[in-house]
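Me: I'd like to learn how to read helix packing, sheet order and a chain contact from a model. Could you walk me through it?

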Amino acid sequence: MASVSLRNVEKRWGPVVGVARQSLDVGDGEFMVLLGPSGCGKTTTMRMIAGLEDPSDGEIWIGDRDVTELLPRDRDVAMVFQNYGLYPHMTVAQNIGYPLKVRGQPRAERDNAVDEVARKVELLPLLHRRPRELSGGQRQRVALARAIVRRPQVFLMDEPLSNLDAKLRVSMRAEIKHLQHELKITTIYVTHDQIEAMTLAHRVAVMDRGVIQQLDTPEAIYNRPANLFVASFIGSPAMNLLNGALETGDFVAPGIRIAGVGQGSRPAVVLGIRPEDLELCDASEADAVLPVYSFELTGDATLATVAHGEERICARGDRHLRLTFGDTVGLRFARAHCHLFDATTTQRIDGPA
Amino acid sequence: MSAPVRRRRRTRGALTPARCIGIAILVVVWLAPVAWIAATAFKSPAQVLSLNVFFEPTLRNFAIAFGPQYQLGARLLNSLIVTGVTLLVAIPIATASAYALSRYRFPGGSVWSIAILATQFVPAAVIIIPLFVAFRGAGLIDTRAALVIVNLSFVLPYATWMIKGFIDAIPQDMEEAAAIDGASRLRALIDVVVPVIAPGVITAAIFSFVIAWNEFFYALILTRSDATTLPVSLMSARTEQGDAWEIMATIGLVIIGPMLLISRLVQRFFVRGLTAGSVR
């Protein structure tokens with residue numbers, strides 16, 4: 001177990017910047033998730049920690065060792081790959097035992113370790129099968145078992161659940177979280193799935209275009225997004241973003257005035273509010289009255305989409321709510337959950353919220 | 001284990017009548033000359049040119065071919081040694097260089113792999129005289145070593161290219177996993193890459209075997225008697241007294257024999273290897 005620290009690390013391919021120069025510290029035993037859309041540099045960052053990619057600049061430390069120049073095998077890390085990276089010609093037991101075999105552990109010890117780990121991830125009855133005879137979830141378990149059998153200092157997981165079906169993903173997610181808690185091994189987990197990030201992480205680093213946009217706990221990322229990218233990337237349905245202006249503390253857009261969401265006056269701001277922070281109400285109590293554009297029943301809620309000029313605003317209403325096209329509905333904005341962003345810098349403006 | 005996969009393959013290749021006829025025609029066209037050679041090998045010289053299908057088979061030709069005049073036993077041994085050593089040297093080296101060409105970046109990019117291929121565009125007739133002179137200078141004329149060296153010069157690039165194609169096709173994940181699990185590059189190559197591409201390596205080995213086994217031109221020029229291989233020994237049946245067709249057929253049969261044997265043996269392994277490699 002050890003902390004991981006990236007110090008002024010940068011990755012360039014010629015003129016193309018894959019990961020911009022930045023630092024990142026992952027604490028001992030921490031579960032850190034790198035979250036972002038494809039091509040944001042999250043996988044490259046992980047591969048640099050693993051030693052599969054050399055940083056163009058900067059240093060990588062694991063515990064009190066500078067591992068920047070070390071080979072992957074000397075870094076004492078284990079990795080789970082997106083498509084598992086299992087050895088097709090070896091049995092499950094051989095796959096799991098391979099890291100120990102390569103490191104010259106005697107056979108008896110190895111077999112014990114493999115059995116113990118296989119029990120932990122419920123693979124015991126499958127030890128003599130080959131990867132092609134396993135389901136996706138089972139293969140994923142083999143990859144996990146192979147990673148933990150050596151008790152490495154750091155776990156690296158590169159979108160480990162993205163090849164699984166939705167149901168299995170939920171149960172594997174819980175399994176991974178439980179394992180990490182039990183083993184207390186520092187874990188860095190790459191995903192583009194915000195639910196995985198929110199549910200698994202102690203802290204999340206949201207990345208875009210090679211730059212960490214926000215590094216914080218899942219709650220803080222959700223409740224206080226640092227900029228428009230984070231605001232729009234996290235949450236499903238996505239946060240509503242309205243263009244407007246700030247006039248002495250009130251947010252003003254055509255047909256909408258929301259009093260007391262900020263301070264001072266600014267010409268170009270974006271107001272962000274999540275669908276669940278919008279209340280559907282009578283016109284008399286509403287901050288805005290807008291026509292229904294569409295509505296969807298999701299089972300546990302009704303999502304109402306209203307039109308505000310070219311913009312669409314989504315509000316989450318009671319599941320018994322029924323709407324008709326063309327009606328107008330009133331929307332009330334929960335003041336405490338209104339986020340203001342500067343429209344030009346895209347950064348968060350801290351108001352009283 | 002892989003039963004479902006195999007079953008699917010079979011049903012897809014169902015034998016319709018049209019298919020049967022097509023296959024039968026192909027078999028006749030391909031096999032008739034072989035059958036003719038096989039028959040001739042058991043005929044007496046008098047029967048060779050008759051078109052009679054029925055004749056008294058005799059082993060006389062084999063006795064003569066393996067006798068002092070033709071020394072087929074020694075020729076066979078030469079062929080086996082030259083081909084065997086060529087493969088033993090070529091296949092491991094070709095695998096390693098194919099891996100290097102596939103996975104490492106070289107200054108100049110793909111120039112190297114193309115250059116390797118380009119060496120094969122030089123016609124043998126152009127280099128045979130310089131080669132002869134060089135080998136004579138080295139005292140290697142009429143030695144098996146000379147033939148092994150010459151065979152390597154075209155088997156090695158060929159096998160390298162072929163194996164490289166197989167390595168290019170397998171994802172890098174497995175090697176990266178092995179690297180993190182603690183394996184060196186070489187160890188990962190041996191433990192992970194080679195088993196996965198085994199069908200490809202075997203295919204390359206078979207083709208290399210056929211090339212080396214049948215190699216005629218260089219062996220004809222570079223050997224006289226001691227190191228003569230089977231294909232060259234065919235020529236010894238063309239004498240001033242006329243062509244001994246029955247002896248040529250006998251030698252031909254001895255040349256074909258090992259190839260049939262090997263292809264039969266390897267085929268089973270080969271099919272199993274193909275299905276084993278089909279893991280995503």
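Reply: Let's begin with axes: they are lines fitted to C-alpha atoms, for helices over the stretch in contact, and angles run from 0 to 180 degrees between N-to-C directions. Helices (H or I, at least four residues) and strands (E, at least two) are DSSP runs, numbered from the N terminus. This is a predicted model, where local features need pLDDT of at least 70, side-chain atom pairs count only at pLDDT 80 or more, and totals for chains, interfaces and linings use all residues. Residues are numbered from 1 along each chain as its sequence is written, while chains are lettered from A and ligands numbered from 1 in the order in which they are written.

Me: How many helices and strands are there in chain B?

Reply: Chain B has 12 helices and 2 strands, in the sequence pattern α-α-α-α-α-α-α-α-α-α-α-β-β-α. Its C-alpha atoms fill a box of roughly 70 × 60 × 30 Å along the principal axes.

Me: At what angle do the axes of α7 and α9 of chain B cross?

Reply: Two packed helices are described by the angle between their axes and the distance between the axes. Here α7(B) (residues 144–169) and α9(B) (residues 185–214) have axes that come within 9 Å and cross at roughly 150 degrees. α7(B) and α9(B) are therefore roughly antiparallel (angles under 35 degrees count as roughly parallel, over 145 as roughly antiparallel, 65 to 115 as roughly perpendicular and the rest as oblique). The crossing of α7(B) past α9(B) is right-handed; a crossing is left-handed if the near helix is turned anticlockwise from the far one by less than a right angle, and right-handed if clockwise.

Me: Which residues of α7(B) and α9(B) meet?

Reply: Contact needs C-beta atoms, placed from the backbone, within 7 Å. From α7(B), the residues include B:Phe154, B:Tyr158, B:Met162 and B:Phe166, and those they meet in α9(B) include B:Ile197, B:Gly200, B:Ala204 and B:Phe207. By class, that contact has 15 nonpolar, 4 polar and no charged residues (Ala, Val, Leu, Ile, Met, Phe, Trp, Tyr, Cys and Pro count as nonpolar, Asp, Glu, Lys and Arg as charged, and the others, Gly among them, as polar).

Me: And how does α8(B) pack with α9(B)?

Reply: α8(B) (residues 173–181) packs on α9(B) at about 155 degrees, with the axes 10 Å apart. That makes α8(B) roughly antiparallel to α9(B), and their crossing is right-handed. On the α8(B) side sit B:Met174, B:Glu175, B:Ala178 and B:Ala179, facing B:Ala188, B:Asp191, B:Val192, B:Val193 and B:Val196 of α9(B). The residues split into 7 nonpolar, no polar and 2 charged.

Me: Over in chain A, what is the order of the 6 strands in the open sheet?

Reply: Strands of a sheet pair through backbone hydrogen bonds, either parallel or antiparallel. Two strands count as paired if DSSP finds at least two bridges between them. The order in chain A is β13-β12-β11-β14-β20-β21, with antiparallel pairing. β13 (256–258) and β21 (348–349) stand at the edges with a single partner strand each, so one side of each has no neighbour in the sheet. β11(A) (residues 240–247) and β14(A) (residues 266–273) share 6 bridges, with A:Asn240 partnered by A:Ile273. β14(A) joins β20(A) (residues 339–342) over 4 bridges, where A:Val270 partners A:Phe341.

Me: How many residues does each chain bring to the contact between A and B?

Reply: Chain A gives 19 residues and chain B gives 15. β6 (77–80) and α2 (92–102) of chain A each supply at least two residues of the chain A side. That side divides into 13 nonpolar, 3 polar and 3 charged residues.

Terms used
Contact = placed C-beta atoms within 7 Å.
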